[in-house]
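Trainee: Please take me through one part of this structure closely. Start with the terms I need.

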Amino acid sequence: MARWCYRHRLVVLLLWVGALFGLGASASTAGSDYANVFSLPDTDSKSAYDLMEKAFPARAGDTDTVVWKVDEGSVRDADVRSRIQPALEKIARMKGVGDVSGPYSGPQGAAQISRDGHIAYAQITFTQRANEIPKELVEDVVDTARDARRDGLQVELGGQAIQRVQEPPQGLAEMVGLAAAAIVLFLAFGSLFAMLLPIAVAVFGVGMGLFGTQLLSHTTDIPDLAPLLSSLIGLGVGIDYALFIVTRHRRGILKGMDPEQSAVTALNTSGRAVLFAGGTVCIALAGMLVTNLRFLDGVVIGTSLTVVLSVLAAVTLLPALLGFLGPRVLSRRQRRRLAAEGPEQERASGLAARWSGTVQKRPRTIAALALVVMAVLALPVLSLRLGATDQGNDDASTTTRQAYDLLAEGFGPGFNGPLQVVSEGGDATALVKGIQATEGVARAVPLPPAHGVTVIQVIPTTSPQSKETDDLIDTLRGEVIPRAGAEAHVGGVTAVSKDFASVTGDRLPYFIATIIGLGFLLLLVAFRSLVVPLTAAVMNLIAAAASFGVLVAIFQWGWGLDLLGLGKEGPINAFLPVIMLSLLFGLSMDYQVFLVSRMHEEWVHTRDNARAVRVGLAETSRVINSAALIMVCVFLAFVLSGDSGAAMAGVGLAAAVALDAFLLRTALVPAAMHLLGASNWWLPAWLEKRLPHLAVEPAEDPEPRSADGPASVVHGFVRDATGAPVDGASVTLLTTGGRRLDRVRSLADGSYIVSVPAPGTYLLAATRSSYGARARHVTVGEGPLVYDVELVEGEVDAVN
């Protein structure tokens, strides 16, 4: 496949360009329909929602808020009212709006004006949930409300539906990430063309992945976080996978190989490892389905699709681009040196070799230091608290953030996260009194009952993200409601977030067991060892704990949040552990495979564990560290995305990849393997017989060994079906693995002769325009072999 893509490079490039623009045009025409669906069966908040939907079908939808503030006077003034009231009446008449309750409608509305009279709000209740409301309706609501603004009168809007139409700045994070990756690639390769190759592969893979995800959002529920995470992961793996292949290709050319054969060899070795690595990332992402949280299903679809397309671009588009560049994939200095001095002898040198030697000399010291660093970084994870970010974490310039701040200023911090206690049957009076007397409750107001269902609006004294609000929900459910003898449930956005965090926390151990077990099995089959996969599983857990410790210190404790410009501290998003662990598992498997496969190859050849670990680390650490540095740059760039969830994921993944590559794979793993010695490669005989064989990265074909005596030849004639000679036919001798050894053209009488380096089995291929191609395996002994080739017009003969 690599050879075909290399030779038909223009066709491959046009197909990819056509697919990208065609998919992009379709996605632009269809638009997007992202939906944040939190389906939490068997939870108290879901029971509350079901009761509300039954009793108040017009109010069971999303409730959003219009907030206004006057600089002078009061919101009760006639000139303010004359601007706000018509806007609210116009919104109430819109199709899809169930109810609008403002501050100018009797005694009940008076509670919607702050004590100082400067701030007021109105509640807009839609007939559908936030993810189901047409964006056009929400945009009309926003435009109508904000048209009422004037000097001295500020009008802002908040709520989930409003937030959906408030898109963060698009493309900035991706562009910064690509620019940072380009700098690292240029420093690694020293060539502008070589630097552009991984960037191009990533752009095609991520672009098609995003367009595909956008189209799929019309057929299934995909959260609006999915495209951000897809681009974050796609850029990282797309650039990394292309980096591994281009590095192998450049190494082949420097060793004197023909550019085409070098590209084919690179794809047949590193390309196989990329397929394996991409497969493990997709499997790890699919592990999120174990949690049975519908919100994550769309994330799995979007990210997996982007990873698959990035891998496909790496193994098809990349060889085509290598064909366009030829030897220019090397820097000018490398090309001049290759022409003047000939092929290089591959050897590990410089910092990587010195570090590898240091690890071999002092494995105990290095392992102990690495463990201490990881343990210190993991300490904050002991205070990990899962929850949900709210609109107080939005950018300060957005209308949702300004509405959030105005409500907190006028009505207290708990107003932005009201709880809804929904009671069915019985006397709700005792329940209301019990709630009002509960510590942490600022206000509890019962709404008029309907169909035997009473809704009590509870305003906490603390903000939605605070631990005190979580404790209040537990108190209401565990003490206040049972004491009142009522059949009631606690709902509302804050309660849903708390339940989501609880469900995620309960299912997290099953998820971790699934992906760690899967990783163990994959590495067991790949490296035929029990100790290597066991070590990798422990390392993955250490990396996860340390990276979550960094997250807690930054986002929960607030260390450095001001520098990042990400607002206030709060709980860690409940969905983040599952997503981060999936990606960390997949990416760490990539690095483990690239590192240990080289060690395993050396172990098979020498049976010397110390040499195998030293050589493997020396030859792979530079490319692994370059790949990790690129991922760190791409992930950190998502701090600029304007989305607090994506920023949190970017920082967490950057920390995870940096710790995994620079501390674990470069220091702790090789140090541990030196200490374990030959037991690294131990596998019981009975298990060895039963395990399937999986070639992750087959070694390149070795040069045939010279036999005693002179080298041999294959010679003969190339003829057509009538026996007439075919002149100008290309006759090529290759190894069985596809490496070219000799190529000649037949003479006028059809004769040819190719050199054979040693006895053995080879592939002899002949081709001529209009005749097609023919290839056969030939076995050469100690003497010359006579072999005639017959070409038939239009026939193509393929040999595996």
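Mentor: Begin with accessibility: a residue is buried under 20% relative accessible area, exposed over 50%, and partly exposed in between (1.4 Å probe, protein chains only). The model is predicted, so local features need pLDDT of at least 70 and side-chain atom pairs count only at pLDDT 80 or more, while totals for chains, interfaces and linings use all residues. Residues are numbered from 1 along each chain as its sequence is written, and side-chain values use heavy atoms, with hydrogens and water left out.

Now look at Ala-30. It sits in helix H2, which covers residues 9-30. Helices here are DSSP runs (H or I, at least four residues), strands are runs of E (at least two), and both are numbered from the N terminus. Ala-30 is partly exposed, at 39% relative accessibility.

What does Ala-30 touch, leaving aside neighbours within four places in sequence? It is in contact (heavy atoms within 4.5 Å) with Leu-215 and His-218. His-218 is 188 residues away along the chain, yet its C-alpha atom is 8.4 Å from that of Ala-30.

Those partners lead to an annotated stretch. UniProt, in an unreviewed entry, places "domain: SSD" at residues 210-324. UniProt positions follow the numbering used here, feature names are shortened, and annotations may be inferred rather than shown by experiment. The span 210-324 is 83% helix and 0% strand, with its end C-alpha atoms 27 Å apart.

Last, the cysteines. There are zero disulfides, meaning pairs of cysteine sulfur atoms within 2.5 Å. Cys-5 has its closest cysteine sulfur in Cys-282, at 20 Å, too far for a bond. Cys-5 is buried, at 4% relative accessibility. Cys-633 is partly exposed, at 22%.
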